[in-house]
Amino acid sequence: MSMPTAAITFTGVNKSYGGKLAVNGLSFHVEPGECFGLLGPNGAGKSTTARMVLGMALPDAGTITVLGEPVPGRARRARARIGVVPQFDNLEPGFTVRENLEIFGTYFGMSAGEISVVIPSLLEFARLESKADARVIELSGGMKRRLTLARALINDPQLLVMDEPATGLDPHARHLIWERLRLLLARGKTILLTTHFMEEAERLCNRLCVIDEGRSIAEGTPNALIEEQIGSQVIEIYGGNSHELRPLLEPYTQRTEVSGEALFCYAADPEQVRLQLRAHAGLRILQRPANLEDVFLRLTGREMKD
Ligand SMILES: Nc1ncnc2c1ncn2[C@@H]1O[C@H](COP(=O)(O)OP(=O)(O)OP(=O)(O)O)[C@@H](O)[C@H]1O
Ligand SMILES: [Mg+2]
């Protein structure tokens, strides 16, 4: 019996630009039908990784397979079954929504007849029915992103490579994109998603890999990463003297962290922490479940990267 083929495998992949490693010994695999997230700060190597999946950037070392094809060697064959949402929209600005879809269909060798059959369902999927004859320059940012998503689906791809599909959108537009991505997963598509939205990763990804400076620093399901790295509850304390409170609370926490004027406590039993704070008036205390953002900040540090 043969193993089901992974949708994507990366094994020890390196890529440098001008002597600097953008991707450094990266290994991961994406199973068919899952949403796999690449999570990392600006400059982490997310787009470079996505571009290597597509054969658009060439690795210096390591091996890559995509839909069973060695890449970059047979990237063209793989690309026929992939839909791409690039980080920055590259739509034809002077053309209409419909024309953009038509032009893209011809890249995949589709006939005018084949294209006209699929366009109505793509417009519906992207909720752009009423904009079919509007030019791209007349669209909002959210509409452009949805058009890019619709365009990526024209060849009915098995695998979608999406580089920050929801960045720069307002919450409504973002949630609409997420809802559409969930629909694609329900239809059995495989998605490789890059993001620095923790909420996006937490909601959509079955598994994810946190990358920083081109290296994988953690991998797993969102819940496993949260449990492993942080624990269960976070208590944020504002308005106190962190240096005074910290030693008092430390025995009741797994870890504490000072961030600006706030003290963060990570604890399995938050009641114990709160009990210690009862004698201190004037504090603002926020207790919440740990989330992926805590993981991200812990792993990649709280300072800006570039
Ligand atoms: N074509 C290129 N030429 C030179 N350097 C590049 C090129 N593409 C990427 N880099 C460098 O490689 C590193 C990783 O860049 P990459 O675009 O992959 O990061 P990213 O994780 O997608 O970041 P962002 O979140 O800002 O999109 C950065 O230091 C970047 O400057
Ligand atoms: Mg990028």
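Trainee: Which strands form the open sheet, and in what order?
Mentor: Keep in mind that this is a predicted model. The open sheet has 4 strands, running E2-E1-E4-E5, and their pairing is antiparallel.

Trainee: And which strands stand at the edges?
Mentor: Strand E2 (20–30) and strand E5 (69–71) do. Each has a single partner strand, so one side of each has no neighbour in the sheet.

Trainee: How many degrees are neighbouring strands turned against each other?
Mentor: On average 30 degrees, if you ignore direction.

Trainee: Let's zoom in on E1 and E4. How many bridges join them?
Mentor: There are 5 bridges between strand E1 (residues 8–17) and strand E4 (residues 61–66), and the two run antiparallel. As one example, phenylalanine 10 has isoleucine 64 in E4 as its bridge partner.

Trainee: OK, switching to the ligand. Which residues are around ligand 1?
Mentor: Here's the set: Tyr17, Ala22, Gly40, Asn42, Gly43, Ala44, Gly45, Lys46, Ser47, Thr48, Gln87 and His196. Sorted by class, that shell has 3 nonpolar, 8 polar and 1 charged residues.

Trainee: Where does the largest share of that shell come from?
Mentor: From helix H1 (residues 46–53), which supplies 3 residues.

Trainee: I was also looking at glycine 282. Where is its place?
Mentor: Glycine 282 is in the loop that links helix H10 (270–277) with strand E14 (284–289).

Trainee: Now the big picture. How many helices and strands does the protein chain have?
Mentor: The protein chain has 11 helices and 14 strands. Its C-alpha trace spans about 75 × 45 × 45 Å along the principal axes, and 38% of its 306 residues count as buried.

Trainee: What about contacts between residues at least 6 apart in sequence?
Mentor: Of those, 68% join residues at least 24 apart.

Trainee: Last one: what does the UniProt annotation cover?
Mentor: The unreviewed UniProt entry annotates residues 8–238 as "domain: ABC transporter". In the model, that stretch is 35% helix and 29% strand, with its end C-alpha atoms 45 Å apart.

Notes
Residues are numbered from 1 along each chain as its sequence is written. Chains are lettered from A and ligands numbered from 1 in the order in which they are written. This is a predicted model: local features need pLDDT of at least 70, side-chain atom pairs count only at pLDDT 80 or more; totals for chains, interfaces and linings use all residues. A residue is near a molecule or strand if its C-beta atom, placed from the backbone, lies within 6 Å of it. Ala, Val, Leu, Ile, Met, Phe, Trp, Tyr, Cys and Pro count as nonpolar, Asp, Glu, Lys and Arg as charged, and the others, Gly among them, as polar. Two strands pair if DSSP finds at least two bridges between them. Axes are lines fitted to C-alpha atoms, for helices over the stretch in contact, and angles run from 0 to 180 degrees between N-to-C directions. A residue is buried if 20 or more other C-beta atoms lie within 10 Å of its own, exposed if 12 or fewer, and partly exposed in between; C-beta atoms are placed from the backbone. Two residues are in contact if their C-beta atoms, placed from the backbone, lie within 7 Å. UniProt positions are given in the numbering used here, feature names are shortened, and annotations may be inferred rather than shown by experiment.
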